[in-house]
Amino acid sequence: MGPKKHGVSKTVLTINTKREMIAKIESGQKMADVARQYGLNRSTVCTILAKKNIKKTQAVEGVTNITSAKQSAIHDKMKMLLLV
C-alpha cells in the first residue's frame, strides 16, 4: 500500500464549471492560466479538456456529478446487501 494522504481535500467541480473551463481554453486562454484561476493543477485541466466529448454526451442540465458504471454497480450491490 502507498502512503496515506492526510488532510488532502478533493475539489469537486460541477459540469457547468468544467464547461466554462473548456470554453476559456477553446477561446485561446492557456491551460496554465485557467488552472490558476480555478486553483487546480494544469494536468487536471488537461484531463477535463481531453474528456470534454464524454461530458457532452453524458451531461444533462441540473446534473452535477457523473458516476462511472463500475461505481454504480458497487452501489447497487451494497444496497441489495443492506436490504437483506
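Contact here means heavy atoms within 4.5 Å. The structure described below is a predicted model.

**Overall composition**

The chain has 84 residues, and buried residues make up 17% of them. Its secondary structure consists of five helices and zero strands, which gives the pattern α-α-α-α-α when read along the sequence. Among the contacts with a separation of 6 or more, 44% are between residues 24 or more positions apart. The chain has an accessible surface of about 7,100 Å², and carbon and sulfur atoms account for 56% of that area.

**Helix packing**

Two packed helices are described by the angle between their axes and the distance between the axes. The table gives these values for two pairs in the chain.

| Helix pair | Residues | Axis angle | Axis distance |
|---|---|---|---|
| α1 and α2 | 15-26 and 31-38 | about 150° | 9 Å |
| α2 and α3 | α3: 42-50 | roughly 110° | within 8 Å |

Helices α1 and α2 pack at an angle of about 150°. Because angles over 145 degrees count as roughly antiparallel, α1 is roughly antiparallel to α2. The crossing of these two helices is right-handed. On the α1 side the contact involves T17, E20, M21, K24 and I25, and these meet M31, V34, Q37 and Y38 of α2. Sorted by class, the contact of α1 with α2 has five nonpolar, two polar and two charged residues.

The axes of α2 and α3 cross at roughly 110°. Since 65 to 115 degrees is the range for roughly perpendicular, α2 and α3 are roughly perpendicular to each other. Here α2 contributes M31, A32, V34 and A35, while α3 contributes R42, V45, C46 and L49. By class, the contact of α2 with α3 has seven nonpolar, no polar and one charged residues.

M31 and V34 of α2 take part in the contact with α1 and also in the contact with α3.

**Residue M21**

M21 lies in helix α1 and is one of the α1 residues that meet α2. Its relative accessible area is 1%; residues under 20% count as buried, so M21 is buried.

Leaving aside residues up to four places away in sequence, M21 touches L13, V34, Y38, L40, V45 and I48. Of these, V34 and Y38 belong to the α2 side of the contact between α1 and α2, and V45 is among the α3 residues in contact with α2. M21 and A35 are 14 residues apart in sequence, with a C-alpha to C-alpha distance of 8.5 Å. A35 is itself one of the α2 residues in the contact with α3.

Definitions and conventions:
Residues are numbered from 1 along each chain as its sequence is written. This is a predicted model: local features need pLDDT of at least 70, side-chain atom pairs count only at pLDDT 80 or more; totals for chains, interfaces and linings use all residues. Side-chain values use heavy atoms; hydrogens and water are left out. Axes are lines fitted to C-alpha atoms, for helices over the stretch in contact, and angles run from 0 to 180 degrees between N-to-C directions. Helices (H or I, at least four residues) and strands (E, at least two) are DSSP runs, numbered from the N terminus. Angles under 35 degrees count as roughly parallel, over 145 as roughly antiparallel, 65 to 115 as roughly perpendicular and the rest as oblique. A crossing is left-handed if the near helix is turned anticlockwise from the far one by less than a right angle, and right-handed if clockwise. Ala, Val, Leu, Ile, Met, Phe, Trp, Tyr, Cys and Pro count as nonpolar, Asp, Glu, Lys and Arg as charged, and the others, Gly among them, as polar. Buried means under 20% relative accessible area, exposed over 50%, partly exposed in between (1.4 Å probe, protein chains only). Accessible areas come from the Shrake-Rupley method with a 1.4 Å probe; for residues, only the protein chains shown count as cover.
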